[in-house]
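Hi,

Here is the structure I promised to pass on.

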Amino acid sequence: MKQTDRRATTLTAAVRPATPQQRTARATRNGGEPTLEFTDRVPYDAYVHASTLHRLQQPLSDDPGEMSFLMVSQIMELYFGLTCHELRQAQRDLRADRVWDALAPLRRAALHLEGLNAAWRGLRWMTPADFNRFRNLLGEGSGFQSAMYRRLEFLLGLRDPALIRPFRRQQQVYDELRATLAAPSIWDDVVALLARHGHHLPADLLDRDVSVEHRPHPTVEAAWLAVYDDGGPDNHLRLLGEALTEVAEQFGDWRWNHVKAVQRTMGAKVGSGGSAGLAWLQRSMARVVFPELWSARTAM
């Protein structure tokens, strides 16, 4: 039996799916009270693995604030992965010309990024003195080294092959990052979609090396101008443009919130991962996600 089959069988046994009729009968039998006795592990834990999640926090100090820093970082990692999941689904839909279907995962991605932004609020209490109580214990550990964040950047079209070098000794992670870098970003898929829908885009743009970061192109901007010029209710490409804009805006907000959090907790100190810290983050803000969606607005 395959591993996925075993997991599904175990989960099915633990959760015990019930029909609506069975749930109604159980509620009647319990007098409206929740079920409190189970022969195996609690079904909620079997599905969510909450007991596993709550064992993953292993602070390096006795400082009570470190738990907040650690858990918020883990929450952000989960949101990175969830947003990547949604973007990959949107890519599959776009490649199959299912523009309407792609809107739902893109809207979910924007909402997940909104949740990601809200996570920063859990660290607004942290001053340089608070961070310094455990910062040295992190060694060279830095959010700069988040592989899932790199995958998110690559999927959005922000591509720098040098940034996968820290993962060379983690073969599986390194291979996954290389595969993401070698495959089209969601913006590459959008550009290809525009071409299939009759917008004139040059062959060298459509056949370019996708591992290299996309540079703004006037023909892509012109295509979006034409898309937005049609205000009809059946213009799904216009809806796509707005869904992508929301994703880009929420992601930009996260990057700006990161800058502000670094300013608040460590000022302009050198980053623990060896970068220039604040200055490096500020420079990275100049790289725009889905650039022609923004530049086209000037001419609308």
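Let me start with Phe-290, which has a relative accessible area of 1% and therefore counts as buried, since the cut-off is under 20%. Keep in mind that this is a predicted model. Phe-290 lies in the loop between α14 (278-284) and α15 (291-299), and its phi is near 55°, a positive value in a residue other than glycine.

Is His-49 buried or partly exposed? With a relative accessible area of 36%, His-49 is partly exposed.

Now to the nonpolar packing. The largest nonpolar core has 57 residues, and Phe-290 is among the members that touch the most others, along with Leu-106, Trp-187, Leu-194, Trp-224, Leu-240 and Leu-244. Helix α13 (residues 236-266) gives this core its largest share, twelve residues. A second, separate core has seven residues, including Ala-147, Phe-154, Phe-167 and Leu-181.

Leaving aside neighbours within four places in sequence, Trp-224 is in contact with Trp-187, Val-190, Leu-194, Leu-237, Gly-241, Leu-244, Glu-292, Leu-293 and Ala-296.

- Phe-69 and Phe-134 are tilted, 5.5 Å centre to centre with 50° between the planes. The pair joins distant parts of the chain, as Phe-69 is in helix α5 (residues 64-95) and Phe-134 in helix α7 (residues 128-135), 65 residues apart. Phe-134 counts as buried, at 1% relative accessibility.
- Phe-80 and Tyr-149 are tilted as well, at 5.3 Å centre to centre and 55° between the planes. Here the link runs from Phe-80 in helix α5 to Tyr-149 in helix α8 (residues 147-156), 69 residues apart. Phe-80 is buried at 4% relative accessibility, and Tyr-149 is buried at 9%.

One last item involves a charge: the charged end of Arg-297 sits over the ring of Trp-294, 5.6 Å from the ring centre.

Happy browsing, and best wishes

Methods: Residues numbered from 1 in each chain as written. Predicted model: local features only at pLDDT ≥ 70, side-chain atom pairs only at ≥ 80, totals over all residues. Heavy atoms only, no water. Core = buried A, V, L, I, M, F, W, Y, C linked by side-chain atoms within 4.5 Å. Buried < 20%, exposed > 50% of the residue type's maximum accessible area, 1.4 Å probe, protein only. Helix = DSSP H or I, 4+ residues; strand = E, 2+ residues; numbered from the N terminus. Contact = heavy atoms within 4.5 Å. Phe/Tyr/Trp six-rings, centres within 6.5 Å; stacked < 30°, edge-to-face > 60°. Lys NZ or Arg CZ within 6 Å of the ring centre and 35° of its normal.
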